[in-house]
Amino acid sequence: MADAQRTHEEALVTHMSKEDRVHAQLELLADFRVKTIKAAGSPETAPEAVESGVYPEGTETVHQLKITLRSVKPPVWRRIQVVSNTSLGELSHMLEGVMGWHGGHLHAFDVDGTDYSPPDPDWDSDDLDENNYRLGDVLPTLGAKMTWDYDFGDGWRHNVLVEAITPAESELTYPLCLAGKRACPPDDCGGPWGYAEILRALQDPNHPDRDDFLAMVPMGFDPGRFDLQQGQAALGAPRPLEGW
């Protein structure tokens with residue numbers, strides 16, 4: 001009976017629209033998210049990890065990551081869970097989505113001085129191919145850290161911290177966006193310095209370059225807003241400028 005019910009549920013999911021699947025995923029995630037952050041008392045601080053991060057061979061595990069954009073105040077951050085077997089190439093796509101970047105810019109990971117980036121046959125580089133390395137291999141322990149750089153011109157640097165390593169929950173579909181704070185800066189706005197000027201222009205009607213800076217942001221841009229549903233949907237969605 002249980003198998004028949006599960007088959008019926010899977011059939012229903014197959015015929016759901018993308019929006020309905022996101023809603024269903026978020027409903028499943030709600031109880032799990034409360035359980036995950038309850039011990040901390042705030043979604044901004046992860047609970048103490050009670051798991052060792054070491055499980056029997058063959059156990060599918062999940063990395064819980066906190067991604068924080070450097071040099072931006074107030075802080076812009078996201079908390080996600082991804083399967084530990086995810087390649088760094090796949091992870092970069094997820095980070096672009098959940099942060100809110102449009103894609104179309106170069107990126108790289110730095111793990112203790114070792115760089116990982118997309119292969120480029122036209123560019124001689126000592127970087128390792130990000131597609132050949134797994135998250136669980138380069139960040140194997142709780143508290144492990146790396147830097148993810150996006151858009152070398154604007155210089156957006158992100159701290160990536162492993163907050164927990166846990167067995168995968170069979171009823172959930174990964175990756176998951178658990179929490180976040182504040183909107184992503186616009187692409188091509190001049191990096192942290194340019195974004196700081198945009199924030200000042202938004203707050204000051206008399207800013208001398210207000211019109212120029214406001215032209216860099218989408219209509220209705222709210223720097224304090226983060227939408228969990230949009231964050232979840234963006235984790236697996238193509239980026240607007242992907243491939244440029």
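Figure 1. Two strands are said to pair if DSSP finds at least two bridges between them, and both helices (H or I, at least four residues) and strands (E, at least two) are DSSP runs that are numbered from the N terminus. This is a predicted model, in which local features need pLDDT of at least 70 and side-chain atom pairs count only at pLDDT 80 or more, while totals for chains, interfaces and linings use all residues. Residues are numbered from 1 along each chain as its sequence is written, and side-chain values use heavy atoms, with hydrogens and water left out. The protein contains 7 helices and 8 strands, and 8 strands form an open sheet with mixed pairing, in the order S5-S4-S3-S6-S7-S1-S2-S8. At the edges stand strand S5 (128-129) and strand S8 (176-181), each of which pairs on one side only.

Figure 2. Strand S4, which covers residues 114-117, pairs with S5 in the parallel sense over 2 bridges, and Ser117 has Asp129 in S5 as its bridge partner. Helix H3 (residues 88-99) packs on the sheet, where it touches strand S1 (61-69), strand S2 (77-83), strand S3 (107-111), S4, strand S6 (145-150), strand S7 (156-167) and S8; here a contact means heavy atoms within 4.5 Å. The direction of H3 makes about 145 degrees with that of S2, where axes are lines fitted to C-alpha atoms, for helices over the stretch in contact, and angles run from 0 to 180 degrees between N-to-C directions.

**Figure 3. Strand S6 and its two partners.** S3 and S6 pair in the antiparallel sense over 4 bridges, with Asp110 standing opposite Thr147 in S6. S6 and S7 also pair in the antiparallel sense, over 6 bridges, and in this pairing Met146 stands opposite Val160 in S7. S6 and S7 form a hairpin with 5 residues between them, and Asp151 in the turn has a positive phi of about 65 degrees. Strand S6 is mostly covered, since 5 of its 6 residues are buried, a word that means under 20% relative accessible area, whereas exposed means over 50% and partly exposed lies in between (1.4 Å probe, protein chains only).

**Figure 4. Aromatic rings around Trp101 and Tyr150.** A search of the whole structure finds 5 aromatic pairs, where rings of Phe, Tyr and Trp (its six-membered ring) pair if their centres lie within 6.5 Å, and planes under 30 degrees apart count as stacked, over 60 as edge-to-face and the rest as tilted. The rings of Trp101 and Tyr150 have centres 5.0 Å apart and planes at 25 degrees, so this pair is stacked. The pair links distant parts of the chain, as Trp101 is in the loop between H3 and S3 and Tyr150 is in strand S6, 49 residues apart. Trp101 and Tyr150 are both buried, and ring pairs link Trp101, Trp148, Tyr150 and Trp156 into a cluster.

**Figure 5. A lysine over a tryptophan ring.** Lys66 lies over the face of Trp77, at 4.7 Å from the ring centre. A charge sits over a ring if NZ of Lys or CZ of Arg is within 6 Å of the ring centre and within 35 degrees of the ring normal.

Figure 6. S2 and S8 run antiparallel and are joined by 5 bridges, and Arg78 stands opposite Gly180 in S8. Although S8 is an edge strand, 5 of its 6 residues are buried, so S8 is largely enclosed by the rest of the structure.

Figure 7. Most residues other than glycine have a negative phi, and most peptide bonds are trans. The peptide bond from Lys73 to Pro74 is cis, with omega near -10 degrees, and Pro74 is found in the loop between S1 and S2. A cis peptide bond also joins Tyr174 and Pro175, with omega about 5 degrees, and Pro175 is found in the loop between S7 and S8. Asp112, which is not a glycine, has a positive phi of about 50 degrees and lies in the loop between S3 and S4; at 75% relative accessibility, Asp112 counts as exposed. Arg182, also not a glycine, has a positive phi of about 70 degrees and lies in the loop between S8 and helix H5 (191-203), but at 18% relative accessibility Arg182 counts as buried.
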